[in-house]
Amino acid sequence: MRKPSAYLFCSIAAALFSPACSSLDRVPSGQCRIEVVLPASFASAQTTGRVYLVVGKDPANAARLQRSLGHQPVAKDRGVPFFGIDVHDARPGEVCATFDDQTLGYPVASLRGLPAGDYFVQAIYNVYTHFQRSDGHRLWAPMDHWDGQHFGWKPGNLMSKVTKVRLDPRQGYSIRLALSEVIGPVTVPVDTTWVKRVKIQSAKLSAFWGRPVHLGATLLLPRGYDSHPDAKYPAIYFQGHFSLQPPCGFTTQPMQESAAAVARRKARGIENGHDFYRAWNSDGFPRVVAVTFQHPTPFFDDSYAVNSKNNGPYQDALVDELIPYLEKHFRLVPQGFARGLTGGSTGGYESLALQIHRPEDFGGVWSYYPDSIDFRRLFGIDIYADTNAFRVPGYGGLRPERIAVRTGEGQPLQTIRQLSTLARVLGSRGRSCDYLEAWEAAFGPAGDDGYPRPLWDKATGAIDPEVAAHWRDAGYDLGVFLTRNWTKIGASLRGKIHIAVGDMDDYYFNLSVLKFQEVLEGLDDPEYGGSVTYGSPLKIHGWRPLNNAQ
């Protein structure tokens, strides 16, 4: 999870500001209404997707927030009000979305909840793609165009100019915004002597989705790679969110860091990208190839590296298509003992799942602060025993709210209820591309309509026990999977599993690791032979006992 949520979504620069909206009228009834118009020049005859309206007070925050679009789970950056509406068969030149008092927003529930004042508003249209999947389902979802499901810079999406307006819910207003700009293609960084990028079409995934689907990789080559053309190398696969940047932030250029950036990095126990380059290029550093994957889905910026009813056979595509391609073209040793796995957060789950599901294909995993790996603790929820995700059972009439995100000192930042509302505003039918519904797409069954079936009702918190059972029985609860399959796979996994997490993980993932450790320590014949490490005191999400060069 990182991932990256949706805040002020697009290029908010002084050059884009206009003194007035396309139309601004007072509404005597006191109704609050903002209309969004699809341009008459838009090439498509009709479109389906979701339109977002962002209403911000401080444009100075925009550039910072823009960098975190799409799925970043940083609750403190989710304070900019925004609203979302599905659009079906919108036609050029017509109003495609109308935001009013009834439109759900986050964190403000409706437009009427905005105090009177001056605001900067912007609309962005996330255009969906139609899929005819091999399972017979037809659905609309946001196709990734190598943007990592960041709809604020997704090629082909539409946006209005940022406009300064006066909003007063007591008097009412009617505003019209024109989607006047089209987002251009993603710029892929240029390869260097050290860093190479690969993008291939996956036959397995293309067959599942009914249209071309691609996988990618960014490779960091060792010193001497070109001067030793006959050498073959082991690989370390760094799992994580979509990125086209080099593994471990590698850069040959010295870095200027703010004091705050240095403090954040040190709290997580990692070095900066230039320090990593110096280690990578040193005489004694092991000569390996470091690899990161790109495997976005229509529901998130990555697939969680599992085969899924909703996403398709991503694990098989990564292991049986992409890795063999890399081994052939970059002189990698094509054997399990020469493939290492690591990653943090989402990548912590992915790396551990790959090792456990494909025990002989990899030689060991170092999983850091993984997303929930034992679903008896998803945040603080036991998805099998609890009936509601929002409320802590017991405690009489207090009925305390469950927390999704906290600080390292335990201060609650976001509740499960708020996180669920955020998902509802970001998208319907599991299309938020945020981490909560990314889990549902990766681990859950498909509904009758072909969209991911939710683990709990996002409005009430009621947990669906059938969906919870699917998460468990399909092999995504890694503790259950090990327990049920240890007699068959234990010998291939002995000594390969290593996990580390902070004792005050922001998302309570340390609780899941504790449950998973109970499973590991209960295994025998053979014993698991690995390690579980907890950082203390007050070690947060992102903490690691080793930096990248170690």
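L478 is found in helix α10 (residues 478-493), where helices (H or I, at least four residues) and strands (E, at least two) are DSSP runs numbered from the N terminus. The model is a predicted one, in which local features need pLDDT of at least 70 and side-chain atom pairs count only at pLDDT 80 or more, while totals for chains, interfaces and linings use all residues. Residues are numbered from 1 along each chain as its sequence is written, and side-chain values use heavy atoms, with hydrogens and water left out.

- L478 is buried, with a relative accessible area of 0%; buried means under 20% relative accessible area, exposed over 50%, and partly exposed in between, using a 1.4 Å probe and protein chains only.
- Leaving aside residues up to four places away in sequence, L478 touches Y349, L352, A353, I356, H357, I373 and F516, contact being heavy atoms within 4.5 Å.
- Although L478 and Y349 are 129 residues apart in sequence, they are 9.1 Å apart in space, C-alpha to C-alpha.
- S367, whose place is in strand β21, is also buried, with a relative accessible area of 0%, and its contacts beyond four places in sequence include Y349 and L352.

**The sheet and its helices**

- Eight strands form an open sheet with mixed pairing, in the order β14-β15-β17-β16-β20-β21-β24-β25; two strands pair if DSSP finds at least two bridges between them.
- Because β14 (195-201) and β25 (531-535) stand at the edges with a single partner strand each, one side of each is left without a neighbour in the sheet.
- The twist averages 20° from one strand to the next, with axes being lines fitted to C-alpha atoms, for helices over the stretch in contact, and angles running from 0 to 180 degrees between N-to-C directions.
- β16 and β20 run parallel and are joined by five bridges, and the bridge partner of Q239 in β20 is G343.
- Helix α6 (residues 346-357) packs on the sheet, touching β16, β20, β21 and β24 (497-502), and its direction makes about 150° with that of β20.

**The second largest pocket**

- A pocket is, on a 1 Å grid over the protein atoms alone, an open set of points where a 1.4 Å probe fits, with protein on both sides within 12 Å along at least five of seven lines, and its lining residues have an atom within 4 Å of a point.
- The second largest pocket is lined by 25 residues, of which I236, F238, T342, N548 and Q550 lie nearest its centre.
- β20 gives the most to this lining, with four residues.
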